Amino acid sequence: MQKQVVILFGQPGAGKGTQAEILSGKTGYFHLESSKAIENCFQNESPEKVFEIDGEKFQVSDEKIRWETGLLNSPPFVVNLIAEKIKELAKENKSIIFSGSPRTVYEAEKEMPLLKELYGLENIKFVMLEITPEVTIQRNSHRRICELVRHSILFSPETENLSVCPLDGSDLIKRKGLDDVEVIKKRLEVFKAETFPVIEIIERHGLVANKVNGEQTVSDVHKDILKAIQ
Ligand SMILES: [Zn+2]
C-alpha cells in the first residue's frame, strides 16, 4: 500500500489526539504528536542542553517554561524535533498521522515541502475538525490524561465517569497548568493568532481542507475522517 500522511487540524479540544489514536490503532499509521515529541525531549534531555538550529540557540529549560505557561514553543525547536521524526518514518516506509502539527506558519512552511518530497502531494490528506469556542473551553477544562502512556481522554458524556484509562487501566490525571481555564484561554488566543493562518499555507501547497464536524460523537467523527482520507 502507498504510504500516506494525514494532517488532523483543529482547535485545542477538537479531538485531534483522540481521533489520531483511533485511526492509528486501526490503520497502524504512526501518530506523530508534537506535544509528545516535546514532552519526550523534556524528559530525556538535560535542562541545560542547548539545541543550535540555523545559527540560533534554544535551551531546553527555556522551552519548558514556555510549555508550562501556555505559550507556543519556539518554532525552530519544534520543527527540528518533528522533521527528524518525519525523515526517520519515511525511511521506514511508514504512514503518519499529525494531530498538532503544523501549528505555526513557520512550521507549515518547513514541513510541507519535506512531506511533499518524501510522501508526494497526492498522498497527503488535510482534515479540519470544527468545534465552537464554548465547546473548546468546556472540553479542555475537563480533559484528563492517563498516568502511564499519557493517552488523552476527551471530555464527553461517555468518558465523564471514567476513573482509569480504558486502554491500560492506569489512573487518569489532569495535565498540570496546560488545562487550567486561564491557560486554555491563552491557548485559544494563541491558536487564533498563530495557528489559524496555517490553513492558508497548507492550501497554498496544493491541499484541500476536508471539514469534519468535531462536535459529533467520537465514533461519528471517526467515520467522517475515514471518508475524508479515502
Ligand atoms: Zn492509557
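1. V212 is buried, having 24 other C-beta atoms within 10 Å. Here a residue is called buried if 20 or more other C-beta atoms lie within 10 Å of its own, exposed if 12 or fewer, and partly exposed in between, with C-beta atoms placed from the backbone. V212 belongs to strand β10, residues 209-213. Strands (E, at least two residues) and helices (H or I, at least four) are DSSP runs, numbered from the N terminus.

2. A word on the model before going further: it is predicted, so local features need pLDDT of at least 70 and side-chain atom pairs count only at pLDDT 80 or more, while totals for chains, interfaces and linings use all residues. Residues are numbered from 1 along each chain as its sequence is written.

3. Who surrounds V212? Leaving aside neighbours within four places in sequence, V212 is in contact with V127, M128, L129, E130, V221, D224, I225 and A228. Contact means that the two C-beta atoms, placed from the backbone, lie within 7 Å. For A228, which is 16 residues away from V212 along the chain, the C-alpha atoms of the two are separated by 8.2 Å.

4. Now the sheet. Five strands form an open sheet in the order β2-β5-β1-β6-β10, with parallel pairing. Its edge strands are β2 (30-32) and β10, each pairing on one side only. From one strand to the next, the twist averages 25°. Two strands count as paired if DSSP finds at least two bridges between them.

5. Strand β6 (residues 124-130) runs parallel to β10, and five bridges join them. Within this pair, F126 stands opposite A209 of β10. Helix α9 (residues 218-229) packs on the sheet and touches β1 (5-9), β6 and β10, its direction making about 150° with that of β6. Axes are lines fitted to C-alpha atoms, for helices over the stretch in contact, and angles run from 0 to 180 degrees between N-to-C directions.

6. Two backbone angles deserve a look. D54, in the loop between β3 (50-53) and β4 (56-59), has a phi near 50°, a positive value in a residue other than glycine. D54 counts as exposed because it has 7 C-beta neighbours inside 10 Å. N93, in the loop between α4 (75-91) and β5, is not a glycine either, yet has a positive phi of about 60°. With 8 other C-beta atoms within 10 Å, N93 is exposed.

7. Lastly, a peptide bond to check on your screen: the one from S101 to P102 is cis, with omega near -5°. P102 sits in the loop between β5 (96-98) and α5 (105-119).
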